[in-house]
Amino acid sequence: MENIPKIELSKHEHKPLQVNPIKLSQPMGAALAFMGIKNCMPLMHGSQGCASYAKVFFTRHYNEPIPLYNTSVGDITAILDGGDYSILMAIENITKKNTTLKPELIGLCTTGLTETKGDDVRNVATHIEIPYCYVNTPDYEGGMESGWALTAKALIKQHTKATTSIQANKLLLLPHVSMQPIEVEKIKEFCENFGFETYALPDLSTSLDGYLSQNQGKLGTGAIGIEEIKELGTCATVVSIGLSMQIAAKALLEKNPNISHHHFDHLMGQQMSDNFVATLMKIRQIEPKASIKRFRGRLQDAMLDTHFLIGSSHFVITGEPDMCVGMCELLCSVGGTVDAVISTVYSSVLEKISAKNVFVGDLEDAVPYFENADLVISNYHAERLLHIQERHTGLILRGFPNYEELGNQLKNDQLYEGSTYFLFEVANKLREVKHHGKHN
Amino acid sequence: MVSRAKIKELMNESACSHNKEKKKGEGCDMPKPGMAAGGCAFDGAQISLFPYADAVHLVHGPQTCLGASWETRETLSSYSGRNHTVMGFTTGITTNDVIFGGDKRLSSSIDYIVEHYAPEAIFVYSTCVTAMVGDDIDMTCKEASEKHAIPVVPVHAPGFVGGKNLGSRLAGEAVLEHLIGTKEPEFTTPYDINLIGDYNVTGDMWEYLPLFEKIGIRVLSSLSGDGRVGNIRTAHRAKLNVIVCAKSLITLCRKMQENYAIPWVSVSFYGKRDTSFAIMEIVHALGDETLIQKAKEVIAEEEAKLEEKLLPYKKLFAGKKAVLNTGGNKAWSIASGLQDLGIEVVATSVRKSTAEDKEKAREYLGEEGILMMAPASEQSKIIDEKNADILLAGGRSLYTAIKKKISFIDVNQEKKVSYGGYNGLLNLAEDLKYAFSNPVFANVSKKAPWEAQ
C-alpha cells in the first residue's frame with residue numbers, strides 16, 4: 001500500500017481524463033427518476049444517442065423494457081431551435097404514433113448538448129395540456145446521483161401545491177438513486193408498520209422491479225402519480241435518505257413550513273436503523289412491531305457471526321457517494337478495514353467516511369487498491385479487472401451498472417433486515433475467497 | 001471538422017441501393033424529433049472503430065457518451081498486447097471546458113495515454129458538446145501525432161449529425177483520410193482481402209476465418225473486427241474489399257475503388273447457404289481458377305460435415321414453423337439460418353429493411369411467406385393462422401409468445417455465442433433445441449388462483 005500514490009479527497013480532478021470510468025451522467029439519473037413516476041413519459045432533450053445509451057444501459061441493468069424517449073436534436077435544430085420546437089414535435093410525434101399512450105406527465109431532462117446551446121425549456125408547459133416537469137441536467141456537471149435528486153426537487157418545486165395544513169400520519173420518503181426497487185418498497189412498508197401513510201419520490205418500488213406485465217416499457221410505472229405529487233405539501237414528515245436528497249426535502253419545506261424534516265445519510269447498519277426507528281417512534285408515539293424488533297436481534301446475531309471474517313478483512317468500495325457511505329459504516333461496525341472508497345463524484349458526505357483513502361476517481365485509480373483487498377464492492381466493470389489480477393479478490397456487485405447478475409433489483413441492504421442479508425453475503429464471499437487461498 | 005458537404009455526400013451515397021428509389025438529393029432520412037430510436041452518429045463511429053485493440057479510443061465529451069457505453073460489446077480480439085477494447089477512456093469534460101474550450105484537456109489526456117498505455121494509435125472522437133463549443137480537435141490531434149510519432153486520428157461524428165449508420169460512414173472517412181495508405185505491407189499475395197464491417201461480435205469472424213485459411217485467402221486488414229491499426233494502414237494493397245453485412249461502409253469501398261482500384265463484394269456469413277455463397281463470391285472476384293477449385297472442395301467438405309451434425313436437429317425441428325420479428329438484414333439472414341435447419345419461416349418483419357433486404361426476404365421466404373410491415377400488430381394473428389411454434393423477436397414481444405403459449409428466443413439480446421459461419425448454425429440449433437423443449441412459456445401463461453379461469 002506504501003507504493004500507491006496518495007490521492008486527496010477534492011472537488012477538483014487529479015488528472016485530465018478518466019480511464020475506465022465509474023461516473024455516470026446526470027440525465028441518466030433524471031431519466032431513471034421519471035421512470036419512478038406513474039404514467040410519466042421520460043423525455044431526454046438531446047441527440048438520439050443520449051437516450052439510446054441510457055436505454056440500453058438500463059435495459060441490461062434491470063432486464064426490463066425501459067420507457068425512455070428523446071427529442072433527437074439534429075444539426076439544424078441544434079442551431080436554430082431554442083428547444084420548444086423539438087420538444088413539442090417529439091411529444092406530438094410520439095403520442096400520434098401510439099394513440100393508446102396516455103401520459104399523465106412529461107418528464108423532460110436536458111443534456112450537455114442542449115445546455116451548451118442554451119435551450120430554455122421552461123416554456124413548453126404553456127403549449128401542452130399534459131402536465132410537464134423539466135429539469136436541467138447537463139452531463140458535464142454532477143452525476144447520476146445529482147440528476148436523480150434534481151428531478152425529485154423539480155417535481156416538488158413545479159408541481160406540489162403550497163399549503164400550511166398537514167396530515168399528521170402522512171410521510172414522504174426521498175430515497176437516493178442507488179436504492180433498489182425492493183429497498184424502497186421495504187422502507188415504505190417499515191414506515192407503514194408505524195401507521196404512516198407513506199409515499200416515496202421517486203418511487204421505483206413498482207417500476208423496474210422485475211414484475212411481469214403487459215405493455216411494459218412505454219411509460220413510467222412508479223407507485224406515485226402526478227396527482228399525489230401535487231398533494232405532498234400536506235405531509236407532516238419528510239425523510240431524506242442520502243445527502244443528495246436534501247435539496248428535494250428543502251424544496252418541500254418551502255411549500256409548507258409546518259413539515260418536519262428528518263435526514264439520514266443512509267439506512268444501513270444498526271446505528272442508523274436505530275436512529276430511524278427512534279424517529280418514527282417519537283413521531284407516532286408507538287412501539288415498533290414485534291417483527292421489527294426481532295430483525296434487530298437477527299442483525300446483532302449476524303454482526304457477531306460475521307465479525308471474525310469481516311473484522312480480519314480489507315475492503316475497497318466504489319460507487320455513488322450516498323451508497324458508499326452506508327456500506328462503509330456497516331462494514332466498519334463489525335471491524336472491517338476499508339482501504340479505499342473511490343467515489344463517482346464529490347459530495348461532502350464523503351468527508352464523514354472512515355476509510356484509509358477516500359477520493360473521487362475511476363477504476364484505473366482503484367486497481368492498485370484491488371491488489372491488496374480481500375473483497376471489492378463495485379460495479380460490473382470491476383469483474384474483468386479482478387479476473388486478470390494475480391491475487392484472488394472477491395467481488396460483490398453493487399451500484400450501476402450490474403450486467404452480470406439477474407434479479408439485482410430484489411436485493412435489499414437497508415435497515416435491520418437488509419443489513420443482515422448484506423453482512424451474510426459479504427461474509428460468505430470472504431469465506432469463499434479465503435478458502436481459495438491467496439492465489440487460486 | 002465535420003462539414004455539411006461531407007454529410008450530404010454520405011447521406012446521398014450513389015453506391016447505396018435504397019437511394020435509387022429516392023428523388024435526387026433526398027438521401028437517407030434524418031432523425032425526426034421523438035421518432036429516432038437507436039444510437040447516434042457517435043455511437044455508430046465508435047462501434048465501427050472500437051474493435052481495434054491496439055489503439056486507445058478517447059472520447060472527447062461529457063459523461064453520457066462513454067460512461068454508459070464502455071465494455072458493453074462482445075467484440076472479441078486475439079491481440080496479445082493490452083486489449084484496449086475492454087477499456088474506457090474519456091476526457092469527461094466539465095463546465096469549465098464548455099466555457100473555455102477543451103483543447104488543453106484533450107492534449108494533456110493524449111499525453112497521459114501515451115505515457116501510461118503506449119498504444120499503436122489513438123482515435124479521438126468528437127461529441128455533441130465538444131463539436132458545438134468548437135474545440136480544434138484536428139489541430140490538437142495533428143500536434144499530438146507529431147509529438148508522439150503515432151497516428152492520432154480525429155473522428156468527427158458528433159451525435160447531432162444523425163444516426164448510427166451515418167456515424168459508421170464518418171468513421172470510414174476518418175480511416176480513409178488518416179490511416180489507409182500510410183504504410184506498406186511486409187509482403188503481398190494475389191489473394192489479399194480487406195474485411196470491412198465485421199466487428200467480430202461474439203467471435204463471428206472466427207467461425208469463417210479458418211475456412212479462408214484452408215482455401216488460401218489472406219486477410220490483409222480488417223475494419224475492424226479483431227483488427228490492428230498497423231494492418232489497416234496497408235489496406236490499399238489488397239486485391240478485394242469484402243463488406244460483411246454492413247451497408248454503412250459502402251462509401252469507403254467505393255472511394256477505395258476510385259482511389260486504389262480495389263473492387264468490392266458484399267456478403268453475409270449467416271447460415272450454410274450464405275456462407276458458401278459468400279466464399280464463392282470472394283474467390284470469383286479474386287478470379288483465380290485454382291483458388292476457385294480449392295474453395296469448392298473446402299465448401300463440399302465443410303457442408304458434408306455440417307449436414308451430418310445437423311441431422312439430429314433436423315429430425316427434431318421437422319414440421320416446426322417460426323415467425324421472425326427483427327430488423328435490417330437479420331430479417332433474411334436469420335431466416336436463412338432457420339431454413340437451413342429445416343424450420344419453415346412463415347413470416348418475417350421488413351419494417352425497417354431496405355429495398356434490397358425486402359427482395360432477399362421475399363426470395364428466401366417464397367411466395368407463401370408473409371413480409372410483415374407492422375409486426376407488433378400482425379405477429380399475433382399470424383402465429384394463430386399459421387400455427388407457428390416459435391417466435392424469434394426482441395424482448396418486447398415476449399408477452400405475445402406467452403399469450404400464444406409458444407416458444408420464444410430474444411434475437412436482439414446481447415448474445416454470448418456466435419451464429420456466424422457453418423458452426424454458428426450449430427449454436428443456433430442448440431439454442432432452438434432448448435427453446436422448443438422449455439415449458440416456461442406455457443407455465444407462466446397459467447392463470448393465478450384469484451383470476452377467473
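Which residue stands opposite A:Leu43 in S3(A)? Select A:Leu43 and you will find A:Tyr69 facing it.

Before going further, a word on the model. It is predicted, and local features need pLDDT of at least 70, side-chain atom pairs count only at pLDDT 80 or more, while totals for chains, interfaces and linings use all residues. Residues are numbered from 1 along each chain as its sequence is written, and chains are lettered from A and ligands numbered from 1 in the order in which they are written.

**Stop 1: the sheet in chain A**

Helices (H or I, at least four residues) and strands (E, at least two) are DSSP runs, numbered from the N terminus. Two strands pair if DSSP finds at least two bridges between them. Now select S2 (residues 40-45) of chain A, which is joined to S3(A) by 2 bridges, the two running parallel.

Axes here are lines fitted to C-alpha atoms, for helices over the stretch in contact, and angles run from 0 to 180 degrees between N-to-C directions.

**Stop 2: a helix pair in chain A**

Select H7 (residues 181-192) and H15 (residues 415-436) of chain A, which pack at an angle of about 140 degrees with their axes 9 Å apart. From H7(A), A:Glu183, A:Lys186, A:Ile187 and A:Phe190 meet A:Leu415, A:Glu417 and A:Gly418 of H15(A); contact means C-beta atoms, placed from the backbone, within 7 Å. This contact has 3 nonpolar, 1 polar and 3 charged residues. Ala, Val, Leu, Ile, Met, Phe, Trp, Tyr, Cys and Pro count as nonpolar, Asp, Glu, Lys and Arg as charged, and the others, Gly among them, as polar.

**Stop 3: where the chains meet**

Show both chains: 48 residues of chain A are in contact with 47 residues of chain B. On the chain A side, H2(A) gives the largest share, 7 residues. By class, that side has 22 nonpolar, 19 polar and 7 charged residues. A pairing of strands also crosses between the chains, with 2 bridges joining S1(A) to S2 (residues 89-90) of chain B in antiparallel fashion. Pick A:Val19 to see its bridge partner in S2(B), B:Phe89.

**Stop 4: a covered helix in chain B**

Is H2(B) mostly covered or mostly uncovered? It is mostly covered, with 9 of its 9 residues buried. A residue is buried if 20 or more other C-beta atoms lie within 10 Å of its own, exposed if 12 or fewer, and partly exposed in between. The cover over the buried residues of H2(B) includes H2 of chain A, along with S1 (55-60), H3 (63-67), S3 (121-126), S4 (152-155) and H8 of chain B.

Staying in chain B, select B:Val124, which, with B:Val155, touches the most other members of the largest nonpolar core, a set of 140 residues. Such a core is a set of buried Ala, Val, Leu, Ile, Met, Phe, Trp, Tyr and Cys residues joined through C-beta atoms within 7 Å. Among the residues that B:Val124 touches are B:Leu58, B:Leu106 and B:Ile137.

**Stop 5**

Most residues other than glycine have a negative phi, and most peptide bonds are trans. With that in mind, select A:Phe400 and A:Pro401, joined by a cis peptide bond with omega about -15 degrees. A:Pro401 sits in the loop between S14 (394-397) and H15 of chain A. In chain B, the bond from B:Leu223 to B:Ser224 is also cis, with omega near 0 degrees.

Finish with two positive phi values: about 60 degrees at A:Leu208 and about 55 degrees at B:Glu71. A:Leu208 counts as buried, with 27 C-beta neighbours inside 10 Å, whereas B:Glu71 has 16 and counts as partly exposed.

Key. Two residues are in contact if their C-beta atoms, placed from the backbone, lie within 7 Å. Lists of a residue's contacts leave out its neighbours within four places in sequence.
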